Amino acid sequence: MAAPSRRDRALADLKASDRRLARLIESTEPIDTKAWRRARPLGDPFSVLVYSIIGQQISGYAARAIAGRLQERFEGRMPSPAELLTLKPADFRAIGFSGRKVEYVRSLAEHIISGELQVDHLDRLSDDEVREQITASRGLGRWTADMFLLINLERPDILPIGDLGIRSAVQRLYRLDHLPSPREVDAIGGKWRPNRSLASLYLWASGSAMPKLAKVAPTVAAR
């Protein structure tokens with residue numbers, strides 16, 4: 001008899017940790033975590049973080065259009081940090097960037113060039129160190145850092161506590177009379193350690209609220 005896989009053990013531990021979550025898992029179609037990640041953008045870190053900034057507070061359609069126009073400027077790929085900094089304010093405006101987002105992507109590029117944000121070494125850092133590195137750049141918050149950890153670095157114990165889909169799923173799961181705060185979600189999800197990433201996927205699936213991110217073309221350095 002084959003030994004249970006890591007995923008099977010994680011599912012068993014989640015079910016044992018929380019009866020409500022166990023019922024949710026049993027009533028949800030099994031989630032292929034590898035396929036889930038393949039459906040999300042797994043480009044180089046700079047490109048993924050630039051797209052995250054582009055997508056703030058706008059529709060997915062608008063974000064894809066802006067990212068596409070940015071890529072058109074660089075022969076169908078995302079620019080490197082140094083290349084992005086060659087764009088003038090008028091160039092950014094023509095592409096569709098707001099003034100605030102110009103500040104954010106320039107700050108990100110500058111942090112990488114200066115070495116303050118070592119995007120190629122994030123996989124060597126702890127979860128909290130990755131969050132600290134990413135959120136040090138203007139315009140990048142906890143949600144972006146958590147999604148990067150969960151999708152791009154495949155960390156097993158990430159619960160995006162500020163994500164609206166996660167918060168809504170926790171509200172339904174526990175039949176709360178209010179939308180829980182990120183702090184409340186963090187407290188409730190403590191029992192799901194060290195498998196909170198898998199719990200997050202089932203919470204999203206329960207409300208069909210899987211985060212949708214567009215594919216991004218790699219930078220020239222990533223090719």
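Modeller: Start with a term: buried means under 20% relative accessible area, exposed means over 50%, and partly exposed lies in between (1.4 Å probe, protein chains only). Helices (H or I, at least four residues) and strands (E, at least two) are DSSP runs, numbered from the N terminus. This is a predicted model, where local features need pLDDT of at least 70, side-chain atom pairs count only at pLDDT 80 or more, and totals for chains, interfaces and linings use all residues. Residues are numbered from 1 along each chain as its sequence is written, and side-chain values use heavy atoms, without hydrogens or water.

The protein has 13 helices and 0 strands. Of its 223 residues, 46% count as buried.

Now to H13. In this helix, 9 of the 11 residues are buried, so H13 is largely enclosed by the rest of the structure. The buried ones are Arg196, Ser197, Leu198, Ala199, Ser200, Leu201, Tyr202, Leu203 and Trp204. What do they pack against? Their partners are H1, helix H2 (19–26), H3, helix H10 (142–152), H11 and helix H12 (182–188). Contact here means heavy atoms within 4.5 Å.

Take one partner, H11. Helix H11 (residues 164–174) and helix H13 (residues 196–206) pack at an angle of about 80 degrees, and their axes are 8 Å apart. That makes H11 roughly perpendicular to H13. Angles of 65 to 115 degrees get that name; under 35 is roughly parallel, over 145 roughly antiparallel, and the rest oblique. Axes are lines fitted to C-alpha atoms, for helices over the stretch in contact, and angles run from 0 to 180 degrees between N-to-C directions.

Which residues meet? From H11 come Gly165, Ile166, Ala169, Val170, Arg172 and Leu173. From H13 come Ser200, Leu203, Trp204 and Ser206. The residues of this contact divide into 6 nonpolar, 3 polar and 1 charged. Ala, Val, Leu, Ile, Met, Phe, Trp, Tyr, Cys and Pro count as nonpolar, Asp, Glu, Lys and Arg as charged, and the others, Gly among them, as polar.

Go on to the segment after H13, where Gly207 sits. Gly207 is partly exposed, with a relative accessible area of 34%. Gly207 and Ala169 are 38 residues apart in sequence, yet 6.4 Å apart in space, C-alpha to C-alpha. Ala169 is also one of the H11 residues in the contact with H13.
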